[in-house]
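I open this notebook to record what I looked up in one model, entry by entry.

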Amino acid sequence: MEDYNDTPQARTKLNPFLSAWIHPKQTARYMIDEKSIGFAILIMSIGYIGSSLSGLIDQEIIADFSPWLMALLCVIFAPIVGIIGTGFSTLILWLFGKIFKGTSTFSDLFKALSLTAIPFIVLIPLYLIWLITSPETLMNTSSIETIPWLLLITGFVSFVLAIWSLVITVGVVAEAHQFEIWKAILTVILPSIILFIIFFVFFIILMFGIIGISMM
């Protein structure tokens, strides 16, 4: 990833939905300097539709719902989930970025991090096709003996997009906080490591507690 010092006139020609894939730092700067919070919410709302649709896998509890109703609910709740999810991520990455003397404001980082939702837009047509053509296998992937071909495709694409979104996240954090890529990587990875340790310790304590109670 490169550092960009484009003029405002050059940045206004960017299309975030396209440029974020290859030039996340340049696009992050464009979002910070040229775009509003409302535009950032629009981006994450569209991206989170794909993420919400992917969350329907193996949700047997709503298997009796109409596929169109489930698709509509995903569209309705996507902005809410997007704002909450991106807001939480922004808070964590903003605080950890300060450890490395990052300079971004919360609102600037929030706008820039909306770009990480763009890769998941690709999931929208894939999951809509699966939801419409075979909702029973989407809601219960173990309902048939053979693995649904759509599960293989969406699973692989989802994995690739998650990696790409992570790459965008690193570039966005580096640009917003105005520090080196290695600091951005640490800013992104450290919270995950800390949360993993906390949950692991909690799990161990819980297991010993259950064992202790069962031996009483």
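**Entry 1: terms and source.** I take a contact to mean heavy atoms within 4.5 Å. With that rule I looked up Ala176, and I find that Ala176 touches Arg29, Ile32, Thr103, Ser104 and Leu109, not counting residues up to four places away in sequence. The model is predicted, so I note that local features need pLDDT of at least 70 and side-chain atom pairs count only at pLDDT 80 or more, while totals for chains, interfaces and linings use all residues. Residues are numbered from 1 along each chain as its sequence is written, and side-chain values use heavy atoms, with hydrogens and water left out.

**Entry 2: the chain overall.** I counted secondary structure by DSSP runs, with helices being H or I of at least four residues and strands being E of at least two, numbered from the N terminus. The protein chain has 10 helices and zero strands. For burial I use relative accessible area, where buried means under 20%, exposed means over 50% and partly exposed lies in between, with a 1.4 Å probe and protein chains only. On that scale, buried residues make up 39% of the 216 residues in the protein chain.

**Entry 3: the end of helix α9.** Ala176 lies in helix α9, and I record Ala176 as buried because its relative accessible area is 5%. The C-alpha atoms of Ala176 and Ser104 are separated by 5.3 Å, although these residues are 72 residues apart along the chain. I then turned to His177, which also has its place in helix α9 and which counts as buried at 0% relative accessibility.

**Entry 4: Val157.** Elsewhere in helix α9 I looked up Val157, which, with neighbours within four places in sequence left aside, is in contact with Val122, Leu123 and Leu126. Val157 and Phe120 are 37 residues apart in sequence, and their C-alpha atoms are 9.4 Å apart in space.

**Entry 5: salt bridges.** I count a salt bridge when a side-chain nitrogen of Lys or Arg is within 4 Å of a carboxyl oxygen of Asp or Glu. How many salt bridges does the structure hold? I find three. In one, the side chains of Arg29 and Glu175 meet at 2.8 Å, N to O. This pair links distant parts of the chain, with Arg29 in helix α3 and Glu175 in helix α9 (residues 149-177), 146 residues apart. Asp33 also meets Arg29, at 3.5 Å, N to O, and both of these residues lie in helix α3, four residues apart, about one turn of the helix. Arg29 is buried, with a relative accessible area of 17%, whereas Asp33 counts as partly exposed at 37%. Lys183 forms a salt bridge with Glu180, the closest N and O atoms being 3.6 Å apart. Salt bridges that share partners join Arg29, Asp33 and Glu175 into one network.

Entry 6: The expected span of a helix is 1.5 Å times one less than its number of residues. For the 18 residues of helix α4 (residues 37-54) this should give 26 Å, and the end C-alpha atoms are 26 Å apart, which agrees. The buried residues of α4, among them Phe39, Ile43, Tyr48 and Leu53, pack against α2 (16-22), α3 (24-34), α5 (67-99), α6 (106-113) and α7 (123-133). In α6 the buried residues are Leu109, Phe110, Lys111, Ala112 and Leu113, and what covers them includes α3, α4, α5 and α9.

**Entry 7: the largest pocket.** I searched on a 1 Å grid over the protein atoms alone, where a pocket is an open set of points that a 1.4 Å probe fits, with protein on both sides within 12 Å along at least five of seven lines, and lining residues have an atom within 4 Å of a point. Grid points are joined across faces, edges and corners, and a volume is the space filled by probe spheres set on the points. About 520 Å³ of space lies in the largest pocket. Of the 21 residues that line it, the closest to its centre are Ser89, Leu93, Thr116, Ser165 and Thr169. The elements that give two or more residues to this lining are α4, α5, α9 and α10 (181-214), and α5 gives the most, with six residues.
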